[in-house]
Amino acid sequence: MKRKCKEDKIFLICNTFLAILFLAVCLYPLYFILIASFSNPGMVSGGKVWLYPRGITLAGYEMMFTKNEIWTGYGNTILYTLVGTFINLTLTVSAGYALSRRTLPFRRGINLYFLLPMFINGGLVPTYLLMNALHLVNTFTIIVLMGGVNVWNFVICRTFFENNIPEEILDAARIDGSSELNFYFRIALPLSKAILAVMILFFAVGHWNGYYNAMIYLREESRYPLQLVLRNLLLTTQLSAETSDSGMAQLLNLQSMKYGVIVIASAPVLILYPFIQKYFVKGVMVGAIKG
């Protein structure tokens, strides 16, 4: 018995040590970006900033406030995230609920229709030609509507509704005179807060960090999201730094501004997560595919 208790204590100590180590590995990059945004860019580039800011300066933030394209991109990103998340949530959750009902005609065929694009798609060139033929290139619509239904998230939603909204509840609602649409909005959705919170987080983070579709389909810089604005700004300044004598100082200031932009860009997601964290694990687990 004593040997077993000793082994349990050793396991607990090792487990706690590894948990703290993994936590530090995950948190340190975020902490470094924060202190680097307030540190002298020369010291950051020289590897002298590790645990606390050195040569404290707000030059990066001051430079950031003078760049109108950054704030235009920030506003675009917020708009794309809000509208895109709403569209993703509406289409994906609705499709998942509909296909979770066993009475839906042609249910197997529709499920197969959704699943095939996970393994087979037309590729970039045919997709671009299609979007161009639909006159969606360089429009707000293509950013918020592209990938409106995420198939993997759709499968999670479908599995959640199958396992947590039984047909018996729907039958009882029908006896009381409830329509299918009324049941969906007044019974199914209120019982699905966990999976809704998970989907909101997945879609919002995807839109907030997204830049690829904007890089491919947008032509006007006034429509660019923040991530694409920052990428282009870094490339432009790096090119000018290589071709001018004063470019190195400009590049260092840009590096400092880059950390500041990352802090500002990451803040909304970090603020949002604690409010839905309690639903996150529950939503993922109850929506998981059961074998």
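User: Where do Y28 and F32 lie, and how many residues apart are they?

Analyst: In this predicted model, both residues belong to helix 1 (residues 2-37), where they are 4 residues apart, about one turn of the helix.

User: What makes Y28 and F32 an aromatic pair that is tilted?

Analyst: Their rings are 6.2 Å apart centre to centre, and pairing requires centres within 6.5 Å. The planes make an angle of 35°, whereas stacked means under 30 degrees and edge-to-face means over 60, so the label that remains is tilted.

User: Why does Y28 count as partly exposed?

Analyst: Y28 has a relative accessibility of 29%, and because buried means under 20% and exposed over 50%, this value falls in between.

User: Why is the pair of Y74 and W208 called edge-to-face?

Analyst: The angle between the planes of Y74 and W208 is 90°, and edge-to-face needs over 60 degrees; the centres lie 5.7 Å apart. Y74 sits in helix 4 (residues 68-100) and W208 in helix 11 (residues 193-209), so the pair ties together parts that are 134 residues apart in sequence. Both Y74 and W208 are buried.

User: How do you know that the buried residues of helix 10 line one face of the helix?

Analyst: The buried residues of helix 10 (residues 180-188) include F183, Y184 and A188. Viewed down the helix axis, the buried residues fall within an arc of 100°, so they line one face. The face turned away from that buried side carries the exposed residues L181 and R186.

Notes: Residues numbered from 1 in each chain as written. Predicted model: local features only at pLDDT ≥ 70, side-chain atom pairs only at ≥ 80, totals over all residues. Heavy atoms only, no water. Phe/Tyr/Trp six-rings, centres within 6.5 Å; stacked < 30°, edge-to-face > 60°. Helix = DSSP H or I, 4+ residues; strand = E, 2+ residues; numbered from the N terminus. Buried < 20%, exposed > 50% of the residue type's maximum accessible area, 1.4 Å probe, protein only. Arc of directions from axis to C-beta.
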